[in-house]
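Visitor: I have a structure open and would like to learn how to read it. Could you walk me through it, one feature at a time?

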Amino acid sequence: MKWVKVIVSFILTLSFLSFPSCAFQSDELLVDDEEFGLEGAPQHRSPEPIPTRSPPVTSPTRKRHSDLDSDSKIQFSLDHAFGDSDFSPAGTFSARLKTWSHGGQTLTKLRFSRNSFSDVEKEKFKNLLESDDFYRIRLPSNVLNPPGRDFIISSVKARCLPRESLDEHFVIHMEGVNVLAVNYGSPGSCPYPRNLKLPAKWSFSSHTVLKNSEQAPRAPVFTEEILGGENAEGEVVQPAERSFWAKYWMYLIPLGLIVMNAITQAMNMPEEQATGQVPAQGQPSAGAVRRGPSSAVRRR
Amino acid sequence: MAIRSFLILFILFFFSSLNPILSLYEDQVGLVDWHQQYLGKVKQAVFHTHKTGRKRVVVSTEENVVALLDLRQGEIFWRHVLGSNDVIDGIDIALGKYVITLSSGGSILRAWNLPDGQMVWESSLRGPKHSKSLLLVPTNLKIEKDNIVIIFSNGRLNAVSCIDGEVLWEKDFEGESLEVQQVIQPPGSNLIYVVGFASSSLFEMYQINALNGELLKHESAAFSGGFLGEVSPVFSETVVALDSTGLILLTVSFQNGISFQQTPISNLVKDSFGPAKIIPSSVTGIFAIKMNAVTIVIRVTDENKLEVVEKTNHETSISDALPVSEGQQAFALVQRAGPEIHLRVKLAHNWDDNLLKESVKMDQHRGLVHKIYINNYIRTDKSYGFRALIVMEDHSLLLLQQGEIVWSREDGLASIIDVTTSELPVERDGVSVAKVEHNLFEWLKGHMLKLKGTLMLASPQDIAAIQSMRLKNSEKSKMTRDHNGFRKLLIVLTRAGKLFALHTGDGHIVWSYLLQSLQKSKVCQHPIGLNLYKWQVPHHHAMDENPSVLVIGKCGPSSDAPGALSFVDTYTGKELSSLSLVHSVAQVIPLPYTDSTEQRLHLLIDADKHAHLYPKTPEAISIFERELSNIYWYSVEDDNGIIKGHALRGKCTGEVADEVCFDTRELWSIVFPSESEKIIATVTRKLNEVVHTQAKVIADQEVMYKYISRNLLFVATVALKGSGEIGSVTPEESWLVAYLIDTVTGRILHRVTHHGSQGPVHAVFSENWVVYHYFNLKAHRYEMSVIEIYDQSRADNKDVWKLVLGKHNLTSPISLYSRPDVITKSQSYFFTHSVKTIAVTSTTKGITSKQLLIGTIGDQVLALDKRFLDPRRTVNPTQAEKEEGIIPLTDSLPIIPQSYVTHALRVEGLRGIITVPAKLESTTLVFAHGVDLFFTQLAPSRTYDSLTDDFNYALLLITIVALVAAISLTWTLSERKELQENWR
């Protein structure tokens, strides 16, 4: 029995160790263009990090089984068409199919090998470039039993592709083993008045990205909900207070003017009384002296 | 002293006008908003024939409304909207005080108190299988002093007490293929006959004791010819049916054993027109059949002989029987002939004489008479008089009495399909303008009252008079364009195929037009109205033309049914032209191009994915061909889970050689895995939406550029299991995926999964954001999420010097074939209500901040500031962020009671909310429709560009007067003083 226990614990530790590496593997994506390697082009790596969906639930019991997750190699083909022509094979995607213990299957380590254009195809592509027509590609919607329900089609104006060589960029949106959509186009920009430009080299430089769905951020949960509610309402009330000056300035300015006027008047009044009293006392010389400052007040 | 008193007056005024305005005041209700209540097309009406109150009628409608109407004016006493999943099967009045309704496929029986509409009782009826639902309220059938209601539904016959809704007895009819057609209760007896067909050739009759549900007799007889459609009871123990070919009439009598009597229709009428259809009626001894457009009224004599009494080409409606005196029944027939309708009331046993014969002039645009209900009253000379309630083809309801229309209700407006707006004519000489105040005295009186009101000297009566004056302000219902763009025409298309133009000022109907292309005709049996588009909007170089709208309809519900177009002038309400198309209409794309007469180019896509261009003019074709390579469109196949993108290729080839037909080709496709995702919602931006600026300045003087593309599509999918009702799955089995898709290239710009969430999804897309509402199963609450999408490729245009030197890429044309460099921000919030629809406010220039208009489950419209749904809300915003207007993060969205746009009103059966910009930037016009209509003006950031309605002009005037007085006073004072001093 002891032996059994030891073995079990050994398997357990192994599985614990191996699981993270498994999960890590899914994050990795090798972009490869072997065809092209023959022609001497440098190897391209995907410029973007690839978000992959982590398994939704990872409880310890499941981790124990993770070493049962199996890998298998699969291949599916890429077809292309020039304008409205029929589709013909253009390359092969190969990937590892990872089967998770909870039943899900995902693709990892996607590689792409592109067939180079034959002379006929080159001619067709040149025609496309001249007529500013569409270059179309398609993928099966299910990689396990192609073509699945239907083919996934994507297209791009042919004039977007040529640069030094023919640059192409695939973003493949996956849901398990199903391909939802493929975004196909040039890796950079394709400015609008599309000018006719023939590629210097008739070879493809391909970038592929595999994308899975992201998790949505959870709604925030607060314990002190009441506080938040108050804040929110306080925010609404505020503008009303701020608009006070904006709303009543036309009353406040005249009010200020009137007050000013009243003060001036009030200051004039006692003086007037004073000047009125002085002549009554029969001292015209003193009145003449005082006239100076009183007029100064008025001028103010 | 004078100055001091002025001051006091001033301060008083000051404080009286200090109250800040948060929402609507009580006296502002009805100033800019209006509310109209409707019922929908009446499908059953029962007159209240109680001795004391014969002035009411109970109706049930196709919008599932049960209502009590005043027979004198047609006003609604009370009304209940039962909801779309609670279809009314039958109504009746019991005990003279209860309205009985049977609904939800015969499973819910309710009694409402007749005077006030309170529910008295409700009982739910179950049964073994699905069947026809029949409601019967016998007049003199009592079980222990208890009046009963007989209901046949779901394969079970129930007797229910009128008093408390208790089921007294029940009897199942479980025969394998038994289809019960009629339940007959001969008056004055305690028997119930249940008749029906079994296995298509067997006639079954059950006789049941009405007092205890005991089966007394069961008989069945086979008829080799089979049966077709319905049966019509002619006597209490005789029914009429049709054989399976529809050519032979069968009189089935089951008094003493079942006996059939066959009468070929060709024996009755010489020229037979193919298979007939029975129009059921409850009149003793009379029934009607319809063959193509011919209606034949047939009388059954005592020996079960059939006899044609009338044959007519006119559409005829027959009312139910109305007992007049002992053993006598009256019924009415109504027909349309040209501009008049003819109404005849006859006694059931006496066809040759008319009790009443009237002709009533009827508006051509009401169409044919669909239904008639009659009621009798005693005239002043003690003879019988009859009044008739008729339902017209346009779903309107009218009461006829003494050869006149007493009242009419435009109940077609309860079922609006689509809405668009049109400008009113510019005010010019000769353009009709609503009358102004009648005379000088009235005018002076009005202004005196207003002055009194502003000086707060008005008595309560005066205040009431002022309020009614404000509400009846003739300015707002003028038939010309106004400076602020508040007055417009709302053009609405109803399910009946009628166009109405409503004035936004007070909601009155300016004109209405019954579209001929959407009427039942020989070529088109089931026309359906689809959409309304602005066809011609006169602008600078076509000012003299009237604006017009395009109405698109199709013939029948199938996808390849041929389409029909109509062009209607919105000023006059006349049809300019109409077209019946050879191709179907699957999709309509209004293009952003207009021809020299300002007619908008429209592209109609048919079921075979051919594109057809309208108008079919050479000019339009030349404009279109120039832009051919830049036109893309997409199609969503909901049931398949596929979205496809298409482009145009060139002129159609093959058998359809047409100048305006274009071939299309498929560019991209997105295939959702059928087992895990199902499309439940797709939303795009409004085509005419205006965005003021692409840049958004955020807190620390940073700039973010909104990703503004007209070609974005929001798609929501749910797990196949989770597409049912809320709560039908566990959170683990259900998820919701939201996508943002570029419809030109088919790129998925954003994709996010909400685990444990479920539909229904309601979404709204505006500028660079989308807000969607769904149910979170884990939190057991509704949630609203926002996604905002920003363009990163322009993010480095922040440097002022770059902008000055022109080294920026802001003016370069954008091509969607470039790889997009976008980032998204999103956030979810809890929301208390479940939602019927969501809309967003729109203004002319797009400067004013936005509000979401949420149609709640309570049929109200709630305005929620978009700022609450900002993904950048944080728990503790910095000072800079606060200045920007970011609200501290909360987990749920607040519902502020004052922000209900509909204030105290309800828009029953709310289906849609439409927002239209006014010319004034701050204001948007909101129109909500359902069974009711509601219209109002909204200013999401308040009316910052105009003085508000409650602006105190009097105070401003007094201030000016006071200032002038003060200036002149001080001036004279100083003059005098100077004079005095000079004299010294």
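This is a predicted model: local features need pLDDT of at least 70, side-chain atom pairs count only at pLDDT 80 or more; totals for chains, interfaces and linings use all residues.

Visitor: How much area do chain B and chain A bury between them?

Guide: The size of an interface is often given as the accessible area lost when the parts come together. Here chain B and chain A bury about 6700 Å², with 57% of it on carbon and sulfur atoms. On the side of chain B, the residues that lose the most area to chain A are B:Arg751, B:Tyr817 and B:Arg819, together 12% of what that side buries. In terms of contacts, 76 residues of chain B touch 76 residues of chain A.

Visitor: Now the helices. At what angle do α3 and α4 of chain B pack?

Guide: Two packed helices are described by the angle between their axes and the distance between the axes. For α3 (residues 440-454) and α4 (residues 460-471) of chain B, the angle is about 120° and the axes are 10 Å apart. The crossing of α3(B) and α4(B) is left-handed. Among the residues that meet are B:Leu449 in α3(B) and B:Ile466 in α4(B). The contact residues divide into four nonpolar, two polar and three charged.

Visitor: And in which order do the strands of the open sheet in chain B lie?

Guide: The order is β6-β7-β8-β9, with antiparallel pairing. The edge strands are β6 (88-94) and β9 (119-124) of chain B.

Technical notes:
Residues are numbered from 1 along each chain as its sequence is written. Chains are lettered from A and ligands numbered from 1 in the order in which they are written. Side-chain values use heavy atoms; hydrogens and water are left out. Two strands pair if DSSP finds at least two bridges between them. Helices (H or I, at least four residues) and strands (E, at least two) are DSSP runs, numbered from the N terminus. Axes are lines fitted to C-alpha atoms, for helices over the stretch in contact, and angles run from 0 to 180 degrees between N-to-C directions. A crossing is left-handed if the near helix is turned anticlockwise from the far one by less than a right angle, and right-handed if clockwise. Contact means heavy atoms within 4.5 Å. Ala, Val, Leu, Ile, Met, Phe, Trp, Tyr, Cys and Pro count as nonpolar, Asp, Glu, Lys and Arg as charged, and the others, Gly among them, as polar. Buried area is the accessible area (1.4 Å probe) that two parts lose on being put together, summed over both.
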